[in-house]
Amino acid sequence: MFKIPEMWDEFRESSDFVYLRQSNHADRYLICFLKSITDINILNEQILEFISINTGLLFDELFEELPIAEKERSSDRDEIRNKLLLGYVAIQQASSAQTILLNACLSKGRTVSKPEIEFNVEGSKEALVESLDTNLNLIRKRLPVASLRIKELHVGEVSKSRVVVCYLEDITNEQYIQTCLQRIGDIQFDTVTDITIIQQIIEDNSNSIFPQMLGTERTDRIVWGLTLGQVCILVDGSPNAILGPVTLEHFFTSYEDYFLPWIIGSIIRMIRITSVLFSILASAVYVAVLTYHGHGISNAFLPTIIASRINVPFPPVVEVLIMELAIELLREAGARLPSKIGQTIGIVGGIVLGTAAVQAALTSNFLLIIVALAAMASFTTPVFRMSNTIRILRFPFILFAQMWGLLGIFLCSVIVVTHLLRLTSLGMPYLVPFYPLRSKGLTDTMIRPPYSKLHQRPQFYRTKNAVRFDQRKANLKKDIDE
């Protein structure tokens with residue numbers, strides 16, 4: 001029997017730390033592992049059983065013969081400790097610090113399920129889960145090409161979280177890849193438990209309310225982004241990924257648009273963009289018109305508006321803020337409560353509060369309709385983080401409208417557009433292809449073109465290979481079939 005080395009003393013106080021002394025005709029060694037994160041089946045059936053049968057192997061021979069795909073040798077104390085904390089089994093030689101490290105990690109988590117945030121009627125129903133290896137399997141399955149590169153890093157002084165950067169080597173611009181790897185490698189934070197932490201740290205402007213990386217839980221959208229020339233980042237333990245670089249129009253494009261006929265998809269996309277603009281400006285225009293520009297109201301609507309506000313004691317801006325805050329309270333309450341209760345709160349609360357507010361003369365019927373329509377319009381935004389941005393943007397527009405009327409709305413629009421002009425995503429302009437203007441990049445923005453027009457990747461990604469398929473051959477095949 002031999003004494004347990006001091007390097008294992010820090011683990012011996014943990015009840016899940018297990019060490020086994022093993023001796024055979026050739027050598028003596030210690031087998032150590034943490035049973036809470038080690039797959040016991042792999043340990044018993046592939047490691048311990050093999051060692052018990054092959055008792056005459058030397059330590060070097062044991063390393064060569066062990067039937068484990070992922071194995072390595074090390075004498076570095078920190079590396080051995082870190083591997084043990086990941087679920088590895090350590091076999092340490094008694095006469096030296098040489099240690100065999102065998103991957104026997106226990107992977108537990110929920111199975112692949114339907115998307116919960118990016119819900120779709122048509123298309124794939126596969127969503128990412130918390131297991132990084134499962135997520136990489138889903139991506140590899142959809143992109144069975146040798147050019148798919150996966151770079152793994154460990155981030156967080158305490159959490160040591162696995163972070164993966166995925167890209168297509170023959171397509172993605174090298175500058176975007178190196179920017180992602182450099183920014184992730186430079187992260188100084190102790191605990192990284194979710195992809196949103198990575199996103200906030202590596203974005204070009206962390207002080208902006210506009211997201212500069214596209215979050216998604218759908219594997220098909222990830223694959224689409226990779227083939228366009230984007231970089232995908234995943235974190236172990238997070239059921240979401242981020243794609244970059246992105247432009248503003250990406251946040252108003254639903255991947256389901258590509259599953260519909262291009263005319264229908266284009267109309268729905270334009271409705272979505274119009275709805276977002278209405279959601280931002282509707283309440284502000286109401287305040288501006290009633291406060292400064294009442295003469296611009298049509299004579300046909302003027303009696304209706306006057307009758308609805310005749311008993312309201314507040315100025316339009318207070319009336320609007322009361323209703324907007326009420327909507328936000330209902331939305332937050334519905335999001336934080338269990339799903340069935342949340343739906344009830346949203347429906348019943350909206351009806352009860354709306355009716356009571358009108359009867360109590362706190363607001364007008366006309367404003368109630370506008371605020372309700374604006375709230376529904378904001379739900380058309382397909383990306384959750386951008387929908388939060390839209391919610392916040394309404395309030396500065398309302399305040400500017402109160403101060404300077406329609407001129408205030410114009411000034412606030414100038415401030416927002418100026419901010420967007422200065423934003424970048426991994427160094428790429430946020431408003432491209434509109435500014436700087438890239439005429440060839442306008443193909444898939446406001447209009448979702450037919451697939452025959454998507455033969456080239458967007459010019460502004462500066463990809464290594466801009467051609468997706470030969471358009472002439474595609475048209476020739478179509479002509480032959482006809």
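This is a predicted model: local features need pLDDT of at least 70, side-chain atom pairs count only at pLDDT 80 or more; totals for chains, interfaces and linings use all residues.
P436 is found in the loop between β12 (428-429) and α14 (471-481); helices (H or I, at least four residues) and strands (E, at least two) are DSSP runs, numbered from the N terminus. The peptide bond that leads from Y435 into P436 is cis, with omega near -10°.

Residues are numbered from 1 along each chain as its sequence is written, and side-chain values use heavy atoms, with hydrogens and water left out.

A cis bond also joins G244 to P245, with omega near 0°. P245 lies in the loop between β10 (241-244) and α8 (262-292).

I stay with the backbone. Most residues other than glycine have a negative phi, and most peptide bonds are trans. R462, in the loop between β12 and α14, has a positive phi near 50° and is a residue other than glycine. R462 is partly exposed, with a relative accessible area of 42%; buried means under 20%, exposed over 50%, and partly exposed in between (1.4 Å probe, protein chains only). K160 is not a glycine either, yet has a positive phi of about 50°. The loop that holds K160 runs between β6 (148-155) and β7 (161-168), and the relative accessible area of K160 is 38%, again partly exposed.

I turn now to the sheet. Five strands form an open sheet in the order β1-β2-β4-β5-β3, with antiparallel pairing; two strands pair if DSSP finds at least two bridges between them. β1 (17-23) and β3 (71-74) stand at the edges with a single partner strand each, so one side of each has no neighbour in the sheet. From one strand to the next, the twist averages 20°. Seven bridges link β1 to β2 (residues 28-34) in the antiparallel sense, and V18 stands opposite F33 in β2.

Which strands does helix α1 touch? Helix α1 (residues 40-53) packs on the sheet and touches β1, β2, β4 (88-93) and β5 (99-103), where contact means heavy atoms within 4.5 Å. The direction of α1 makes about 175° with that of β2; axes are lines fitted to C-alpha atoms, for helices over the stretch in contact, and angles run from 0 to 180 degrees between N-to-C directions.

Finally, helix α13 (residues 384-422) bends by about 140° at W404, the bend being the angle between axes fitted to the seven residues ending there and the seven starting there.
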